[in-house]
Amino acid sequence: MNLPALQFTPPSIVFDFETLKQNIEEITTKYEGLVVGEDDVTAIKSELAALNHLAKGLADARKDAVAKVSAPIKEFEAKVKEMETLIL
């Protein structure tokens, strides 16, 4: 018995890393050497919350993309393992 030919197309993820990196560098440059005084604490906490929200959004987008790209791979793996089990 011959195995059927396996064909696959590697996933493609398009993302503008350069623009995001430039935006992040613009944000971080604002804070280089910044000395926070007591009067600035409230404003800085607000800025940190916004930055944390941005980082969480990026992490969520990454996880979502990986999950979507990984789903067909996991399905393929499960089916092949099932066939392996049947053979053994």
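**Notes on a predicted model**

1. Let's begin with D60, which is partly exposed at a relative accessibility of 34%. Here, buried stands for under 20% relative accessible area, exposed for over 50%, and partly exposed for values in between (1.4 Å probe, protein chains only). The model you are looking at is predicted: local features need pLDDT of at least 70 and side-chain atom pairs pLDDT 80 or more, while totals for chains, interfaces and linings use all residues. Residue numbers run from 1 along each chain as its sequence is written, and side-chain values rest on heavy atoms, with hydrogens and water left out.

2. What does D60 pair with? D60 forms a salt bridge with K56, and their closest N and O atoms are 2.8 Å apart. (A salt bridge is a side-chain nitrogen of Lys or Arg within 4 Å of a carboxyl oxygen of Asp or Glu.) K56 is exposed, at 51% relative accessible area. The two residues sit in helix α2, which spans residues 41-87, and they are four residues apart, or about one turn of the helix. (Helices are DSSP runs of H or I with at least four residues, strands are runs of E with at least two, and numbering starts from the N terminus.)

3. How many salt bridges are there by this rule? The count is three. Another one joins the side chains of D64 and K68, at 3.2 Å from N to O. D64 is partly exposed at 39% relative accessible area, while K68 is exposed at 58%.

4. K79 and E75 make a salt bridge as well, with an N to O distance of 3.2 Å. Look for them in helix α2, where they are four residues apart and so separated by about one helical turn. K79 is partly exposed at 47% relative accessibility, and E75 is partly exposed at 48%.

5. Now for the aromatic rings. Searching the whole structure turns up one aromatic pair. Its members are F15 and F17: the ring centres are 4.8 Å apart and the planes meet at 65°, so the pair is edge-to-face. (Rings of Phe, Tyr and Trp, the last by its six-membered ring, pair if their centres lie within 6.5 Å; planes under 30 degrees apart are stacked, over 60 edge-to-face, and the rest tilted.) F15 is partly exposed, at 40% relative accessible area, whereas F17 is exposed at 58%.

6. Which residues make the nonpolar surface patch? L6, F8, F76 and V80 form it, and the patch covers about 430 Å². (Patches consist of residues with over 30% relative accessible area and no salt bridge; like charges are joined within 9 Å, and nonpolar side chains, meaning Val, Leu, Ile, Met, Phe, Trp and Tyr, within 5 Å. Areas come from the Shrake-Rupley method with a 1.4 Å probe.) F8 is in the segment before α1, a helix of residues 17-31. F8 is exposed, with 65% relative accessibility.

7. The surface also carries a patch of negative charge, where D16, E18, E25 and E26 gather. (Asp and Glu count as negative, Lys and Arg as positive, and His and the chain ends are not counted; a charge is placed at NZ of Lys, CZ of Arg, CG of Asp or CD of Glu.) Among these residues, E18 belongs to helix α1. E18 is exposed, at 54% relative accessibility.

8. How far apart in space are E82 and V41? They are 58 Å apart from C-alpha to C-alpha, and 41 residues apart in sequence. E82 is in helix α2 and is partly exposed, at 46% relative accessible area.

9. A61 is a residue of helix α2 too, and is partly exposed at 42% relative accessibility. From the C-alpha atom of A61 to that of N2 the separation is 41 Å, with the two residues 59 apart along the chain.

10. E47 and D16 are 31 residues apart in sequence, and their C-alpha atoms are 24 Å apart in space. You have already met D16 as a member of the negative patch.
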